[in-house]
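Visitor: Hi, could you walk me through this one?
Guide: Happy to. Here it is.

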Amino acid sequence: MAGISTIAESIIRILRTPLGSRVMRPYYGSMLYELRDRKFDDRFKALATKYIFEAIKINEPRVQVESVDFKIEPINGKVSFLIILANNEEIEFTNDWYK
């Protein structure tokens, strides 16, 4: 059916949308875009986790995030976020949205 997205698709769309970029929905999206070109360290991980939890809590009330894990590809600098939901569903999201 057209127009119906899965929870995973919805979450990825939320995380790829810069917060405040939708005129009629100013709270839709996440602040992950602010971490572009930042050093991958403990501060990056803490902020990314915070931004993911906040964005999903506000914009996707059907689920609850349990944890976030990270994987980095050192050669090209891609960071993958592994989001574990309370129902044990895993969603992987890579920071290549701006290419």
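**A chat about the chain**

Guide: Let's start with Asn59, which is buried, with a relative accessible area of 15%. Buried means under 20% relative accessible area, exposed over 50% and partly exposed in between, using a 1.4 Å probe and protein chains only.

Visitor: What kind of model is this, and how are residues numbered?
Guide: This is a predicted model, where local features need pLDDT of at least 70, side-chain atom pairs count only at pLDDT 80 or more, and totals for chains, interfaces and linings use all residues. Residues are numbered from 1 along each chain as its sequence is written, and side-chain values use heavy atoms, with hydrogens and water left out.

Visitor: Back to Asn59, then. Which element is Asn59 found in?
Guide: Asn59 is in helix H2. Helices (H or I, at least four residues) and strands (E, at least two) are DSSP runs, numbered from the N terminus.

Visitor: And what does Asn59 touch?
Guide: Leaving out residues up to four places away in sequence, Asn59 touches Ile14, Tyr27, Tyr28 and Gly29. Contact means heavy atoms within 4.5 Å.

Visitor: Which residues of H1 are buried?
Guide: In helix H1 (residues 7–16), they are Ser10, Ile11, Ile14 and Leu15. They cover an arc of only 130 degrees around the axis, which puts them on the same side of H1. That arc is taken from the directions from the helix axis to the C-beta atoms.

Visitor: What do those buried residues pack against?
Guide: The buried residues of H1 pack against helix H2 (42–59), strand S2 (78–85) and strand S3 (90–94).

Visitor: Let's switch to the sheet. What is the strand order?
Guide: Three strands form an open sheet in the order S1-S2-S3, with antiparallel pairing. Strand S1 (65–73) and S3 stand at the edges, each with a single partner strand, so one side of each is left without a neighbour in the sheet. Neighbouring strands are turned by 20 degrees against each other on average, direction ignored. Two strands pair if DSSP finds at least two bridges between them.

Visitor: Zooming out, what pattern does the chain follow?
Guide: Along the sequence the pattern is α-α-β-β-β. The radius of gyration of the chain is 13 Å, close to the 13 Å that the globule rule gives for 99 residues, so the chain is as compact as a globular protein of that length. The radius is taken over C-alpha atoms, and the rule is 2.2 Å times the number of residues to the power 0.38.

Visitor: How much of the chain is buried?
Guide: Buried residues make up 34% of the 99 residues.

Notes:
Axes are lines fitted to C-alpha atoms, for helices over the stretch in contact, and angles run from 0 to 180 degrees between N-to-C directions.
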